[in-house]
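Thanks for coming, everyone. Please look at the screen.

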Amino acid sequence: MESRQVFPVPQAFGSRAHITAERYEALYRESVQDPEGFWSRQAKELLSWKEPWSKVLTWDFKGPTIRWFEGGKINVSENCLDRHLEHRGSKPAIIWEGNEPGETRTVSYRELHEQVCATAALLRSLGVRKGDRVAIYLPMIPEAAVAMLACARIGAIHTVVFAGFSAEALRDRINDCGCAVLFTANEGLRGPKAIPLKETADEALAECPSIRHVLVVRRTAATVAMTPGRDLWYDEALAALGGAGDSRPESVDAEDPLFILYTSGSTGKPKGVLHTTGGYLLQVTMTHRYVFDLREEDVYCCAADVGWVTGHSYVVYGPLSNGATTVMFESVPTYPDAGRYWEMVERHRISIFYTAPTAIRALAKEGDEFVTRHDRSSLRLLGTVGEPINPDAWLWYHHVVGEARCPIVDTWWQTETGGVLISPLPGATPTKPGSATKPLFGVQPVLVDDEGREISGNGVRGRLCIKFPWPGMMRTVYGDHERFRQTYFSMYPGLYFTGDGCRRDEDGYYWITGRVDDVLNVAGHRLGTAELESAIVRSGLVAEAAVVGIPHEIKGQGIGAFCVLRGDVAADASTTKGIVQAVREVISPIAAPDSIWFVSGLPKTRSGKVMRRILRKVGEGEYDSVGDVTTLADPSVVSEIIQAVRASRA
C-alpha cells in the first residue's frame with residue numbers, strides 16, 4: 001500500500017547540509033545543460049589526478065561507446081589512501097565488526113596504506129602486472145578491502161566473488177576472465193556457521209588452469225589442505241617479503257579497467273560487468289559525499305558485502321576516497337539476536353547507517369524491543385539499498401530506528417551503474433515512503449512505453465531508461481561487447497534500458513516498480529531465471545522447470561519454481577529437499593527456491609515458449625486474472641497449476 005505522507009527535510013539537517021534544495025536545482029540544471037563542464041569541475045575538486053585528461057567525454061549509445069576523461073592518469077589506491085596520510089593518517093579508515101559482537105579491529109589510514117603497499121608488492125613478486133585479473137573470495141574482513149586496493153595500486157583488475165557462492169560459481173567466474181591469482185581464507189564465519197572457503201576454492205580450482213597462486217588468509221584456526229607451489233599463507237608470504245618489493249602506485253588511464261563484477265543475466269551465463277577507473281571513482285566519491293551528506297566526524301556503516309557492488313562502491317571505494325571512517329560488518333543482522341545492528345550502532349557510535357529493505361523487514365518482524373533497548377542517539381541519517389522499500393518498512397525504519405529525526409535516503413542504482421543514480425539528498429529533498437524521489441546530478445531518466453516512445457509529463461508509468469551517459473556506468477561485458485549492446489541498448493535504440501519498470505508521480509518523483517525482464521531481485525541479490533532453472537534441472541530429479549518471482553514477506557521477492565518431474569521421481573518432501581540442495585550447491589544458498597510446485601506440464605505456446613506471465617500471476621495469487629490462455633498448446637495445465645499453488649497455501 002502506497003503511503004501518501006510527505007516528510008519534509010528536517011530544519012536542523014537542511015541548515016547545514018552540503019546540498020540544499022536551491023543548490024540541488026542549480027547543480028542539476030548545470031549538470032544537464034553543460035555535462036562536460038559540470039563533471040570536469042567535479043573531477044578536479046573531488047579527485048587527485050596524476051595527469052589531466054584531453055577529452056571529457058566521448059559517447060555513442062549505438063556502438064555502444066562510452067569514454068570519460070580520456071588521457072587522464074590516476075590511481076584509485078592513491079586517492080583512497082596516500083592523499084589522506086598527511087591530515088588523516090591516524091584517523092580510523094576501517095572499523096571491522098567481526099562475526100561475534102565485540103570482536104572488532106580498527107585500521108587507521110596509515111596502517112591501511114602500509115598493508116595495501118605490502119600486498120601490492122607481494123602481488124608484483126608473484127608476477128601480477130597491470131591488466132592481469134585477480135579473484136577475491138574472502139569473507140567481510142579488512143583483508144578483502146586490502147586485496148581490492150592492492151590490485152588497484154598496481155593496475156590489476158579484481159573480480160570479487162561473494163563468499164557464499166558455490167565452487168561452480170567461483171570456477172565459472174575465474175575462468176571467464178582468466179584470473180592469475182586467488183585470494184581466499186581458510187574459513188569464513190557467518191552467524192553460527194563456519195563456511196569452508198578454502199575447501200570450496202580447491203574444488204573450483206580443479207578446473208581453473210589460469211590460477212598460478214592462491215593466497216590464503218587465516219580467518220580461523222582451522223587447518224586446510226595447501227597445494228605446494230601454488231598455495232601460500234597470506235601472512236607468511238608477507239613476512240617472507242619483509243617489506244621489500246615494489247609497491248609504487250601504477251599510473252593508469254581513466255578508462256583502464258578497475259574491476260569486473262559478475263551479475264546474473266536473463267540467460268544462464270553470468271555477465272562480467274566491467275567498470276573503469278576515473279569515471280567510476282568520481283561517481284562513487286561524489287554520490288557518497290552528497291547522498292550521505294558526509295561529515296569529517298561521521299562513523300559510516302554500509303552493512304553490505306564486498307561480494308556485491310554495494311560493498312565495492314559504498315563500503316570501500318566511495319568512503320575511503322572521501323577520507324571517511326567505514327564500518328565493515330562480517331556477521332548477519334539477526335546474530336546473535338535481532339538487535340545486532342543497533343547494538344553495533346551504540347558501541348561504535350555510528351552516525352550513518354545503510355542497509356537493505358530485506359534486513360529492515362526481517363528486523364521489524366521481530367519487534368521494536370530489539371531496537372529500543374539500544375542507544376541510537378548517534379544516528380543522523382539512514383539509507384536503503386538493493387531493491388524498492390515498501391512504505392510500511394520505510395515508516396518503521398523512520399519512526400522506530402531513526403526516532404523520527406533521521407532522514408532516509410532510499411537509493412536506486414545497479415551493478416551496471418556503478419553508483420547511486422536516483423535518491424533523495426537529505427538536505428534538499430522531501431521524502432515519500434517507497435519513492436527513490438529525484439535523479440542525481442547528470443542523470444537524465446526517461447520513461448518509455450513498450451514501443452520505446454518517451455512518455456512525458458507526470459502521473460505516468462513505463463520502463464525506466466536513461467538517455468545520457470554518466471561517469472560511473474559500466475563500459476562493457478567482459479569479453480562480450482555484443483552482449484553489452486544487446487542487453488542494455490538494443491531494446492530501445494539510443495537509450496540505456498535499466499530493466500526496471502517505474503512510475504513518475506504528480507510531483508515528478510520516481511517509484512521503481514521492479515524488474516520487467518527475466519531477472520529476479522531476491523533480498524537485493526539479482527538472480528537470472530535461466531541459471532536457476534538450469535540448476536534445478538541439474539538435480540537429476542526434474543525434466544523441466546520454470547522459475548518466477550513470488551511475494552515474500554521478508555525478502556520482498558521470493559523464488560517460486562514450477563517443476564515437471566522425471567517419470568520415476570515421486571512428488572514428495574525428499575524430492576523437494578533434493579531440488580533445494582542442488583540449487584544451493586550449483587549457485588548459492590541465497591538462490592534456494594522458497595516454494596516448489598510439482599506439475600505435469602508448463603503453460604507453453606504452440607511454438608514451445610513458456611508463458612511466464614501466467615506463472616507470475618499464479619505465483620502472486622492472482623488466480624482469476626491469468627489472462628488469455630487460448631494460445632497455449634494445452635490450456636488445461638493452467639487449472640492444474642492453479643490447483644497446485646492453492647493447495648500449497650491452504
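At what angle do helix α3 and helix α11 pack? First, some ground rules. This is a predicted model, where local features need pLDDT of at least 70, side-chain atom pairs count only at pLDDT 80 or more, and totals for chains, interfaces and linings use all residues. Residues are numbered from 1 along each chain as its sequence is written, and side-chain values use heavy atoms, with hydrogens and water left out.

Now the answer. Helix α3, residues 35–46, packs against helix α11, residues 278–291, at an angle of about 80 degrees. Their axes are 10 Å apart. Axes here are lines fitted to C-alpha atoms, for helices over the stretch in contact, and angles run from 0 to 180 degrees between N-to-C directions. Helices (H or I, at least four residues) and strands (E, at least two) are DSSP runs, numbered from the N terminus. So α3 and α11 are roughly perpendicular to each other, a label for angles of 65 to 115 degrees.

Who touches whom? From α3 come F38, W39, Q42, A43 and L46. From α11 come L282, Q283, T285, M286, R289 and Y290. Contact means heavy atoms within 4.5 Å. By class, this contact of α3 with α11 has 7 nonpolar, 3 polar and 1 charged residues. Nonpolar covers Ala, Val, Leu, Ile, Met, Phe, Trp, Tyr, Cys and Pro; charged covers Asp, Glu, Lys and Arg; the others, Gly among them, are polar.

Helix α3 also meets helix α2, residues 21–33. Those axes come within 5 Å and cross at roughly 115 degrees. On the α2 side we have L27, E30, S31, V32 and Q33; on the α3 side, P35, G37, F38 and R41. That contact of α2 with α3 divides into 4 nonpolar, 3 polar and 2 charged residues.

Next, charges. How many salt bridges does the structure hold? It holds 49. Each is a side-chain nitrogen of Lys or Arg within 4 Å of a carboxyl oxygen of Asp or Glu.

Take E255 and R475. Their side chains meet in a salt bridge, 2.8 Å from N to O. E255 sits in the loop between β13 (252–253) and β14 (257–263), and R475 in the loop between β22 (460–466) and β23 (476–477), so the pair ties together parts that are 220 residues apart in sequence. Are E255 and R475 buried or exposed? Both are buried. Buried means under 20% relative accessible area, exposed over 50%, and partly exposed in between, with a 1.4 Å probe and protein chains only.

Now R347 and E343. They form a salt bridge with the closest N and O atoms 2.7 Å apart. Both lie in helix α13, residues 340–348, 4 residues apart, about one turn of the helix. R347 is partly exposed at 31%, and E343 is partly exposed at 22%.

Last, two single residues. T476 lies in strand β23. T476 is buried, at 16% relative accessible area. Its side chain has a polar contact of 2.7 Å with that of H481. A polar contact is a pair of N or O atoms within 3.5 Å; within protein, one must be able to donate a hydrogen and the other to accept it, and residues adjacent in sequence count only if both atoms are side-chain atoms.

K193 lies in strand β10, residues 193–195. K193 counts as exposed, at 51% relative accessibility. Leaving out residues up to four places away in sequence, K193 touches G188 and R584.

Definitions and conventions:
Parallel < 35°, antiparallel > 145°, perpendicular 65-115°, else oblique.
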